2 protein chains.
Amino acid sequence: MNISQAATDSGLPVKTIRYYEEIGLIAPKRRENGYRDYGAPDLHKLTFLQRARGLGFSIEDCRVLLSLYEDKGRASSDVKKLAKAHVTQIDQKIGELQSLRSTLDQLIASCHGDTRADCPILDDLAGKSVS
Amino acid sequence: MNISQAATDSGLPVKTIRYYEEIGLIAPKRRENGYRDYGAPDLHKLTFLQRARGLGFSIEDCRVLLSLYEDKGRASSDVKKLAKAHVTQIDQKIGELQSLRSTLDQLIASCHGDTRADCPILDDLAGKSVS
DNA sequence: CTTGACCTTCCTGCTGCCGGAAGGTTTAGT
DNA sequence: ACTAAACCTTCCGGCAGCAGGAAGGTCAAG
């Protein structure tokens with residue numbers, strides 16, 4: 001199957017599929033004319049990658065996940081470990097964002113937000129303590 | 001004041017300060033020898049940028065915030081509007097991450113995580129419904 | 001007078017692709 | 001048989017927001 005069909009079936013853009021090949025995640029066969037030819041296993045990998053990326057795993061994580069996926073003698077603990085580490089990173093990110101959010105909320109609440117120039121938000125950014 | 005002192009005082013890396021100049025956020029004077037010379041207003045801007053970036057505002061947001069900061073006839077409502085839009089984006093990001101997190105949690109919980117190869121996480125990524 | 005700590009510009013690379021140009025191939029329609 | 005559209009290929013450049021490093025000029029101390 002051609003790349004555009006693989007794109008449709010996997011849910012990935014054509015550009016992304018070529019990129020994944022470039023960085024060695026997949027390796028479809030080539031036809032006589034140079035066209036890439038995707039078989040069922042290739043399509044499975046692409047779909048796998050689409051799901052994994054959608055869950056926020058980095059490309060390098062995906063590389064490891066794919067190799068575990070291919071390795072029939074893998075230990076599920078390895079996969080679980082990777083997933084847990086990923087969740088930890090997500091939690092950290094959520095924490096940072098919530099912290100930012102609460103700071104911003106306070107600043108926004110303290111700003112009357114009318115046509116006057118006086119603005120506690122800018123004052124804070126400028127380093128003037130609101131006291 | 002030289003760039004390294006400005007870096008120390010503002011809390012920004014030297015590389016970042018030069019980058020901010022390159023994209024037109026600041027414009028320090030130059031000495032005879034070509035060295036950048038930062039005055040008090042420059043330092044205020046840098047500190048302002050450090051704070052704003054720390055609150056997650058994009059460079060382009062910072063550009064607008066800086067211009068509002070400089071504009072003594074600004075309306076505080078403009079600043080508040082920008083900040084609110086930023087919070088909205090943060091909330092959206094938090095929502096996405098929490099969604100990812102809960103999906104991952106379920107997958108992790110369903111994986112026994114021992115030396116066996118059977119792994120619901122990989123099965124899910126491969127598109128096999130757990131059913 | 002040399003050493004070392006500054007400073008300058010310029011170039012490359014990171015993540016994860018997207019857009020587009022230039023050109024070959026295949027297919028559908030007339 | 002010929003053409004136009006719709007594929008496909010590779011390569012180049014760019015996005016955010018810098019970081020690292022090379023090559024070279026400058027300055028203050030010993």
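**Figure 1. The surface near DNA strand D.** In this predicted model, the residues near DNA strand D comprise five nonpolar, six polar and four charged ones. Here Ala, Val, Leu, Ile, Met, Phe, Trp, Tyr, Cys and Pro count as nonpolar, Asp, Glu, Lys and Arg as charged, and the others, Gly among them, as polar. A residue is called near a molecule or strand if its C-beta atom, placed from the backbone, lies within 6 Å of it. Look for N2(A), S4(A), R36(A), N33(B) and I59(B), which come nearest of the 15 residues around DNA strand D. At least two residues each are supplied by α1 (3-10) of chain A and α2 (14-22) of chain B, and α2(B) has the largest share, three residues. Helices (H or I, at least four residues) and strands (E, at least two) are DSSP runs, numbered from the N terminus. Residues are numbered from 1 along each chain as its sequence is written, while chains are lettered from A and ligands numbered from 1 in the order in which they are written. Because this is a predicted model, local features need pLDDT of at least 70 and side-chain atom pairs count only at pLDDT 80 or more, whereas totals for chains, interfaces and linings use all residues.

**Figure 2. The surface near DNA strand C.** Around DNA strand C there are 15 residues, of which N33(A), I59(A), N2(B), S4(B) and R36(B) come nearest. Helix α2 (14-22) of chain A and helix α1 (3-10) of chain B each supply at least two residues here. With three residues, α2(A) gives the most to this surface. By residue type, the surface near DNA strand C has five nonpolar, six polar and four charged residues.

**Figure 3. A closer look at R36(B).** You can find R36(B) in strand β2 (residues 36-37) of chain B. R36(B) is partly exposed, with 18 other C-beta atoms within 10 Å. The label follows a simple count: a residue is buried if 20 or more other C-beta atoms lie within 10 Å of its own, exposed if 12 or fewer, and partly exposed in between, with C-beta atoms placed from the backbone. Leaving out residues up to four places away in sequence, R36(B) touches I3(B), P28(B) and R30(B). Two residues are in contact if their C-beta atoms, placed from the backbone, lie within 7 Å. R18(B) is 18 residues from R36(B) along the chain, and their C-alpha atoms are separated by 9.5 Å.

**Figure 4. Where chain A meets chain B.** The contact takes 49 residues from chain A and 49 residues from chain B. On the side of chain A, two or more residues come from each of α3 (40-54), α4 (59-70), α5 (76-110) and α6 (120-125). Helix α5(A) has the largest share, 21 residues. This side of chain A divides into 24 nonpolar, 13 polar and 12 charged residues. The copies meet through the same surface, because 100% of the interface residues of chain A are also interface residues in chain B.

**Figure 5. The axis between the two copies.**

Figure 6. How far apart are the end C-alpha atoms of α5(A)? They are 51 Å apart, which agrees with the 51 Å that its 35 residues should span at 1.5 Å a residue. The expected span is 1.5 Å times one less than the number of residues in the helix. Buried in α5(A) are S76(A), V79(A), K80(A), A83(A), H86(A) and L107(A), and the buried residues of this helix pack against α4 and α6 of chain A together with α5 and α6 of chain B. In chain B, the buried residues of α5(B) pack against α5 and α6 of chain A together with α4 (59-70) and α6 (120-125) of chain B.

**Figure 7. A closer look at T47(B).** T47(B) sits in helix α3 (residues 40-54) of chain B. T47(B) is partly exposed, with 18 other C-beta atoms within 10 Å. Not counting residues up to four places away in sequence, T47(B) touches G127(A) and S10(B).
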